[in-house]
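Welcome! Take a moment to look over the sequence and the structure below, and then we will walk through a few of its features together.

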Amino acid sequence: MSELSPNAAQNGPIKNNGSSSSVAENEDIDFSKISERPRPLTMERQRSYDERSFLTELSGMSPRLSLRNIDSYARMDHLESVFSPCRRSGFNTPRSAVAFEPHPMFAEAWEALRRSLVFFRGQPVGTIAALDNSEEELNYDQVFVRDFVPSALAFLMNGEPEIVKNFLIKTLRLQSWEKKVDRFQLGEGVMPASFKVLHDPIRNSETLIADFGESAIGRVAPVDSGFWWIILLRAYTKSTGDTSLAELPECQKGMRLILTLCLSEGFDTFPTLLCADGCCMIDRRMGVYGYPIEIQALFFMALRCALLLLKQDDQGKEFIERIVKRLHALSYHMRSYFWLDMKQLNDIYRYKTEEYSHTAVNKFNVIPDSIPEWIFDFMPTYGGYFIGNVSPARMDFRWFCLGNCVAILSSLATPEQAIAIMDLIESRWEELVGEMPLKVCYPAIEGHEWRIVTGCDPKNTRWSYHNGGSWPVLLWLLTAACIKTGRPQIARRAIELAETRMLKDSWPEYYDGKLGRFIGKQARKFQTWSIAGYLVAKMMLEDPSHLGMISLEEDKQMKPLIKRSASWTF
């Protein structure tokens, strides 16, 4: 294991001067109430999927859409109640119905992940973004909240929860620090985008320095960090059975501060969250401002996780009531207005405009001529997805992988919609997966549109980086969604593609090209979340009960009555 100890001379003096946040040596939050060992829950371990169905899927069969598919999805709902204990899921302990022969790069991936560990005062607190010594560090020498999630899941699945607990505690402490960008103070609940360990060799001390967006390219605060923190807290609690961490007053307060930011009332007429460009995984100008699907899906999942974690005290009950109301409105809005299938595409194509009344069909006054040409060929007969953005007179029809996978895992997508998303991936495999999984968005923007939308960003040229680049980290999300919908053969096919190149290519951050054939022109090597994403995908496919820590079953009370037809027929 390698300890991260940045040189103090390179990073400047250690101080807290408004725009930077640090954890001093004498930390004032008392976490002594956390038990040294996780407090186990008495829960019965059970199989969460149909053994015969799973064996059939693994044999390579690709089932057509039928009543049996819906039943298979329904069986996956039990995963919410599955206890996934901290036990090793490695070479010698396969617990799947099928014996998996470990790929040689599995052990290499674990070694690379352990080399990326970051230590603070002798304890592991996260994983560095990348260990590529051939490139300038920039901020790749930091621990990113969103990047650490697949690493955390890998360690939880491998029976090593301490690093995850340490990470959750350290980032919670950073949340409490004053956050300023120039002279403007950010909301109290904002979680850092990243942090790093600063070593002072003169005083022989270490300090955590956080970035809340004041150092980021574009100076945008991370909207997704708080959501990922809540989701990870629930994954830790689910995996270990240890409720003592989530029940701490400090953790309860941290969740309430995050929720206060996103549940606050304002001028918005939609239940979705209004965001700036660059506030999530797509952290540069890419036309995702407004109501991006990634943020809405994470928002939905974080709200559902918070419902499970908040205490039923006076403060907790108030937030629970607000969450339940928001979830009902958000699920209806997303399932009704963000969903696109062949039937809905045809309806939009025939929209009338300038409708004024409560009975308007074209509620957002979308101009049919704004529908891009590519979508008519891309949309399959059976299949559908949540589009990238919906706001007044604007629909972003691009496919975004992360948002759609999280929609399945959080049950924002109905069982029918989840199956339709899987059908889309299968039928448009060449476009969305190609030779290296997985397209972060599709299609790429180019030409005049690229100049206007990205501001001529040289990093986001067509089919590169966030503009249609292929990101191996998305493997774990795809695998989780495949298992939940009873389609593990899709995940296996994608993993096998990744195994042909990732180790040989030194674990790149992303791949370029329409098919993902080329290592990204500015991609870092030994990118930690590429490594961790592969590990999580492999371990989840080996032991599908791990899905329970990152998946939520459908809440039947939130199922809306949507009159228009779904994207599938019997």
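Does α14 pass α18 in a left-handed or a right-handed crossing? The crossing of these two helices is left-handed. Keep in mind as you read that this is a predicted model.

**How α14 and α18 meet**
- Helix α14 covers residues 401-409 and helix α18 covers residues 475-484; they pack at an angle of about 35°.
- Their axes lie 9 Å apart.
- On the α14 side, the contact is made by Leu402, Cys405, Val406, Ile408 and Leu409.
- On the α18 side, the partners are Leu477, Leu478, Ala480, Ala481 and Lys484.
- Sorted by class, this contact has 9 nonpolar residues, 1 charged residue and no polar ones.

**A look at Ile490**
- You can find Ile490 in helix α19, which runs over residues 488-499.
- Ile490 has a relative accessible area of 2%, and because buried means under 20%, this residue counts as buried.
- Setting aside neighbours within four places in sequence, Ile490 is in contact with Met422, Ile425, Glu426, Trp429 and Cys482.
- Thr479 is 11 residues away from Ile490 along the chain, and their C-alpha atoms are separated by 7.9 Å.

**Checking helix α20**
- Helix α20 is made of 15 residues, 528-542, and at 1.5 Å a residue it should span 21 Å.
- Helix α20 is mostly covered, with 15 of its 15 residues buried.

Methods. Residues are numbered from 1 along each chain as its sequence is written. This is a predicted model: local features need pLDDT of at least 70, side-chain atom pairs count only at pLDDT 80 or more; totals for chains, interfaces and linings use all residues. Side-chain values use heavy atoms; hydrogens and water are left out. Helices (H or I, at least four residues) and strands (E, at least two) are DSSP runs, numbered from the N terminus. Buried means under 20% relative accessible area, exposed over 50%, partly exposed in between (1.4 Å probe, protein chains only). Contact means heavy atoms within 4.5 Å. Axes are lines fitted to C-alpha atoms, for helices over the stretch in contact, and angles run from 0 to 180 degrees between N-to-C directions. A crossing is left-handed if the near helix is turned anticlockwise from the far one by less than a right angle, and right-handed if clockwise. Ala, Val, Leu, Ile, Met, Phe, Trp, Tyr, Cys and Pro count as nonpolar, Asp, Glu, Lys and Arg as charged, and the others, Gly among them, as polar. The expected span of a helix is 1.5 Å times one less than its number of residues.
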